[in-house]
Amino acid sequence: PEGISFYNMDLYESRERLDIFVEEVPVSTMADSQSVQEPLESPQRTEEEEYDLYTAEVTEMARQYGVWDDKEEGDMGLPTQEPYVFITEKPPAPTKRETWAGAQQQWKEEEAEEEGTHRGGPEQSAGARLREWKCSEESREDRAVEEEQVSAESSENEPPDVFCTDCQTPIRAFYKLFGPHKDHRVIQIANAAEEVKDEIHKTMCKLEEQIAQMENFASHLEEIFITVEENFGRQEQNLEQHYNEVMQTLTQRYEERTSGLEDEKKQKLEALYSQLIRCGKTLDVSKELIEAAQELHRNEDKLSFLQNEIHRIEEFIKCDPELKLSASMDFQNAAIDFSDVRQMMDSINIVPAPSAPVINPQAPNSATSTSVRVCWSLFSDDTVEYYELYYTPVLEDSTVGESKEPSMIKVKETYCTVTDLVPNTQYEFWVTALNTTGISPASERAVYVTVPSPPFIRHKESRSCPTAALIRWESGNTNPVDSYTVELCEISRERTNSAVTESIVGIPTCESLIQLESGKRYLIYVRAVNIGGLSERSDSIIIQTTGTYFHLNEETAHPCLSISEDGFTMFYGDEELEVSDMTFSDNTFARCVAILGELIPVRGKHYWEVEVEENTEYRIGVAYQDTQRNGYLGGNNTSWCMRHVITPSRHKYEFLHNGWTPDIRVTTHPKRIGVALDYETGKLSFFNTDQSQHLYTYECQFLHFVHPCFALDNPGALTVHNGIEAPAYVKFS
């Protein structure tokens with residue numbers, strides 16, 4: 001087993017058969033053993049009692065240490081040739097009984113020897129010595145108990161150093177070995193604290209998620225509550241409107257019927273009144289004729305009676321009196337048509353007008369440069385026949401009161417893809433729902449944005465070196481975008497397609513410094529990004545990491561310099577311009593006819609070459625971006641350059657810095673000069689590429705990034721060759 005060592009030894013022949021535990025016996029025990037030799041008073045025992053005690057202690061000691069004779073080994077079935085004693089890494093110290101038995105055995109042997117040599121002598125017997133040792137052993141045991149109590153008290157005061165994961169409590173490591181936590185899992189306090197922190201963090205995250213869910217649910221309940229209130233208000237308003245319409249119709253019918261009855265009553269009364277008047281007149285005539293007849297009857301002149309009024313009375317008698325009523329007493333009881341009222345009453349139970357839809361925020365990648373996908377939803381089970389989606393562009397510079405008529409689209413789904421839009425433009429959208437009952441209130445307005453137009457890479461401002469590339473571009477959009485994404489496609493013989501091998505996302509500005517592998521060719525594209533999604537790819541730029549590539553910075557050029565269309569050749573014409581005709585800025589060279597190149601800001605190794613003319617005086621080197629524009633290159637402490645001067649006797653070459661040059665002669669006129677810049681070693685070297693010859697090396701620790709600088713001291717031209725690999729003879733170290 002692990003932690004146990006076996007020793008093969010003869011327990012009977014070796015004199016040190018019990019000394020294998022000497023190193024593990026406590027010092028106090030050894031001291032107590034030595035103190036046994038001192039005489040102590042002890043009660044007297046007989047020789048038989050001493051012998052019985054001796055035999056018992058020896059037997060117990062043999063059992064404890066595995067010491068058996070041949071007979072006992074045979075009985076136990078153990079091998080008898082070479083007994084084995086196993087020892088743990090730290091065996092326990094012998095108990096009091098074990099030590100007592102060992103001492104008894106030793107002193108019995110000494111007693112036997114003393115009896116053979118000093119029988120009857122005055123020396124102290126072995127039994128007395130055993131009794132003295134036993135008393136010493138008891139006092140030592142008392143001291144050990146006191147020490148254990150002190151140790152226990154001190155251990156309780158010591159801080160815990162491990163953590164029991166089963167009991168979830170800090171403990172001391174001692175209790176893991178010998179205490180109640182022996183079978184438990186324990187870890188360091190620091191690890192336990194980290195685990196508890198992780199658990200607390202996970203719990204916090206879960207609580208935050210639950211809080212977010214509850215907040216969303218509460219927000220949803222609030223929206224439902226508001227929707228219920230709105231639905232109730234609309235339903236109540238709808239019911240009131242319907243009942244008002246019914247009551248208005250009934251009132252109108254009542255007024256119409258009452259007016260008809262009034263007219264009929266008036267006609268009847270007028271007819272009866274006319275008939276009554278006619279009856280009165282008839283009575284008057286009748287009375288008058290009766291009186292006339294009586295008067296004629298009393299007249300004795302028969303002839304006059306017959307001639308005067310008899311014909312009139314006869315005519316009146318012939319006329320029948322008007323004894324029939326001219327108007328009926330009953331009124332016409334016409335049936336009233338309530339079909340329209342019944343229809344209105346039935347319409348009260350028709351579905352109400354829908355509630356206001358809820359328009360969703362714009363989802364990522366839900367737009368193109370000319371279209372967006374708009375989605376909305378309803379929180380209630382409203383019946384909707386169709387929706388009306390309105391939208392209008394958001395004009396930031398529009399004047400107050402100026403508004404554009406919104407466009408409208410009718411759809412039956414809860415989504416719509418709106419086309420014919422302007423790239424990278426914000427639009428406001430809102431929607432209404434309609435059914436047979438009416439139209440819903442308009443939803444809240446949501447702003448959607450179309451995908452930006454693709455950016456434009458500025459080729460002349462992009463630069464590279466064997467380990468990186470700096471790409472610059474223009475946004476190509478009137479409105480700002482959220483970020484940009486640069487896509488890299490490695491070009492190789494095995495990979496001929498334009499599959500993207502790497503993407504760099506979340507670029508906030510219109511430039512990006514990209515780390516590349518040396519000796520590769522890349523196609524690089526740029527996309528603009530907003531919440532609507534990615535724009536189309538820009539035009540590509542090819543980057544080759546075989547050398548340093550840069551253009552001349554025309555913003556720093558002296559007015560007398562002209563730059564070729566490709567940006568690599570500078571010309572100084574024969575015609576001198578008047579100072580009044582020159583235009584200077586804070587960034588242009590004013591005294592030295594010079595220009596700076598735009599080197600990539602990467603601390604590494606850079607190499608480029610310059611093609612020069614034999615009869616042209618020039619300056620070639622590097623300078624800081626803020627080098628003096630009113631001085632000459634090499635005449636200050638911010639520029640280092642190689643200068644070519646034509647004297648009447650020879651071509652002179654100087655290597656200037658801060659106005660000082662070493663005494664160096666160049667015998668062969670270089671037609672093409674190589675410039676090697678090494679930031680790591682702080683060296684700037686010049687080479688004659690035609691001769692593969694080293695000309696000079698500056699040793700300087702450049703505190704800032706430097707840029708290539710070129711100057712013409714007389715009319716002529718210089719051509720820069722870059723993007724090429726440094727030749728083998730160029731040593732950067």
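Cys709 is in contact (heavy atoms within 4.5 Å) with Ile595, Leu596, Arg619, Ile620, Gly621, Val622, Ala623, Leu633 and Trp640, leaving aside its neighbours within four places in sequence. Cys709 belongs to strand S33, residues 706-712; helices (H or I, at least four residues) and strands (E, at least two) are DSSP runs, numbered from the N terminus.

A word on what you are looking at: this is a predicted model, in which local features need pLDDT of at least 70 and side-chain atom pairs count only at pLDDT 80 or more, while totals for chains, interfaces and linings use all residues. Residues are numbered from 1 along each chain as its sequence is written, and side-chain values use heavy atoms, with hydrogens and water left out.

Now to the cores. A nonpolar core is a set of buried Ala, Val, Leu, Ile, Met, Phe, Trp, Tyr and Cys residues joined through side-chain atoms within 4.5 Å. The largest one has 38 residues, and Trp608, Leu684, Phe686, Phe702 and Phe710 touch the most other members. Strand S27 (residues 618-624) gives the largest share of this core, four residues. A second, separate core has 19 residues, including Trp376, Val411, Phe429 and Tyr448.

| Residue | Relative accessibility | Class |
|---|---|---|
| Cys709 | 0% | buried |
| Asn424 | 4% | buried |
| Ser443 | 8% | buried |
| Asp420 | 75% | exposed |

Asp420 sits in the loop between strand S10 (415-418) and S11, and Asn424 is placed in the loop between S10 and S11 as well. Asp420 has a positive phi near 60° without being a glycine; for Asn424, also not a glycine, phi is positive at about 50°. Ser443 is found in the loop between strand S11 (426-434) and strand S12 (446-449). Not counting residues up to four places away in sequence, Ser443 touches Pro357, Ile359, Trp430 and Val431.

Finally, have a look at a sheet. Three strands form an open sheet in the order S4-S3-S5, with antiparallel pairing; two strands pair if DSSP finds at least two bridges between them. Strand S4 (169-171) and strand S5 (186-188) are the edge strands, each pairing on one side only. Strand S3 (residues 162-164) pairs with S5 over three bridges in the antiparallel sense, and Val162 stands opposite Gln188 in S5.

Definitions and conventions: Buried < 20%, exposed > 50% of the residue type's maximum accessible area, 1.4 Å probe, protein only.
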